[in-house]
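Colleague: I have some questions about how you label things. Can we go through them with the model on screen?

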Amino acid sequence: MNIPSSIITLLLGIGLTLVSLWYGQNHGLMPVAASEEAAHIDGLFNAMMTISVGLFLLVQGVIVYSAIKFRRRPGELGDGAAIEGNVPLEILWTAIPAAIVLWISIYSFEIYNEMGGFDPSANGAHAMHSMPSGKGSAMAATMPGMPSSNSNLIAAIGVGASPANQGKAAAVNVNVLGLQYAWIFTYPDVNVTSGELHVPVGKEVQLNMNAQDVIHAVWIPQLRLKQDVIPGTPTQLRFTTNKVGNYPLRCAELCGGYHGSMVTRMIVHTPEEYDTWIASQQQSTQAQAEVVKQTIAMNPANLSTSKYLAPYATEMGVQPETIAHLHHDMKMLSIASATK
C-alpha cells in the first residue's frame, strides 16, 4: 500500500506539533512561580520553548532523513545530482523565522507592559522617589527645575505598576541598599531595618533600590524578576507574591571578588505573620535603643572614682566596710591638706 507523500508529511507535521506543544508546557525547567508576574514570563518562556523544540525536531529530522535517504550506496563512485536553489523554499525558510521573531517581539512587548515595565512613574520624570544613600554613594545631580535638597529626588527606572495599578501606591514600600557584599532592607513606614526581605503574601510590594559602591542586581528567580541596582540612579521593582515560603535573593551582577556570597532570602509571610514580624523587629529596635541609652548613661567619665571601682571591688572580694573606711580616710586626708 503506497501512502501519498503529502499525507505522510501532514501526519509528521501534526506529530511534530503535538510533541512541541506538550514539551513546551511540561519541560519543568523553571522554578516554582511565586508571584503574579511570573505567569506572564512563564507564558512567554513556554511559547519560545515550544517553537524551539519544533524547529529543533524539524531541522534534525531533515538532517537524519537526508543522511539516510541520500547516503552513498555500494558501488556508487560519481557525484550526486547538482541542485541549484529553490526560490519558493528559500522564501519559506526566510518568511517563517521572520514572522516568528516579529510575533515574539510583539508578545514580549505586551508582557513587559502588563508587568509595569512601561509605567511612566517608574521610567520617567512624572514621579520622584527619595532614595536611601550610604556613605560613599554617588548620587545624580538634581534635575533642572526641581528644588535642590538633601533628599536626592530623581526619577526611578525599572518595573513599576501594571496598567491596572498605575497611580496607586503599593501596600508595602521597602528601600533596598546594595553594597559589597550585602543587602540592607529598610521599611520606612515602620522604622525597621533587616538583612532579609520580608513581605506579606497577596499584597503589592515596591522596592526602591540604590547601590552604595558598584552596580549590583536584585534577582529573585521565583518571581521571574531581575533589576540592576545602580549607584546614583534609583531603580524600582513592583510585584505581588502569591505563595508563602522562603526564596533566594541573589546579586546577578558581577560586583567584586565575593560576588558569589551576596545572597540573602525573601521570606513571604501570611499577613498575620508579617504583622507579627514587624512588631518583633520594632520591639528589638526599641530594646537596642535602651541598651545604647544605658551604655551612654554608664559612661565612666561621668562616674566618681568610688562608683567606678565598686563593681570591680566586689569581684575582687573586697568588703564594703573596707571601701567605706578607705573612702573616709581619703576624705580626712584631703580635708587636712586643705587646712594646712
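Colleague: Which residues touch the most other members of the largest nonpolar core?

Modeller: This is a predicted model, to begin with. In the largest nonpolar core, which has 37 residues, Val174, Trp183, Tyr187, Leu197, Leu207 and Met266 touch the most other members. Strand S8 (residues 204–211) gives the largest share of this core, four residues.

Colleague: What does tyrosine 187 touch, not counting residues up to four places away in sequence?

Modeller: Tyrosine 187 touches Val172, Asn173, Val174, Val192, Glu196, Leu197, His198, Tyr274 and Trp277.

Colleague: Why is serine 162 counted as buried?

Modeller: The cut-off for buried is under 20% relative accessible area. Serine 162 has 16% relative accessibility, so serine 162 counts as buried. Serine 162 is found in the loop between strand S3 (157–159) and strand S4 (172–179). Leaving out residues up to four places away in sequence, serine 162 touches Glu114, Met115 and Gly116.

Colleague: Why is leucine 11 called exposed?

Modeller: Exposed means over 50% relative accessible area. Leucine 11 has 55%, so leucine 11 is exposed. Leucine 11 lies in helix H1 (residues 5–25).

Colleague: Which residues make the nonpolar surface patch of about 860 Å²?

Modeller: Leu11 is one of them.

Colleague: Are cysteine 251 and cysteine 255 buried or exposed?

Modeller: Buried requires under 20% relative accessible area. Cysteine 251 has 7%, so cysteine 251 is buried. Cysteine 255 has 4%, so cysteine 255 is buried.

Colleague: What about the protein overall? How many helices and strands are there?

Modeller: There are seven helices and 13 strands. Of the 340 residues, 29% count as buried. The protein exposes about 21500 Å², with 63% of it supplied by carbon and sulfur atoms. Among contacts with a separation of 6 or more, 70% come from residues 24 or more positions apart.

Terms used
Residues numbered from 1 in each chain as written. Predicted model: local features only at pLDDT ≥ 70, side-chain atom pairs only at ≥ 80, totals over all residues. Heavy atoms only, no water. Patch = residues over 30% accessible without salt bridge, like charges linked within 9 Å, V, L, I, M, F, W, Y side chains within 5 Å. Areas by Shrake-Rupley, 256 points an atom, 1.4 Å probe, with all protein chains shown as cover. Salt bridge = Lys/Arg side-chain N within 4 Å of Asp/Glu carboxyl O. Helix = DSSP H or I, 4+ residues; strand = E, 2+ residues; numbered from the N terminus. Buried < 20%, exposed > 50% of the residue type's maximum accessible area, 1.4 Å probe, protein only. Core = buried A, V, L, I, M, F, W, Y, C linked by side-chain atoms within 4.5 Å. Contact = heavy atoms within 4.5 Å.
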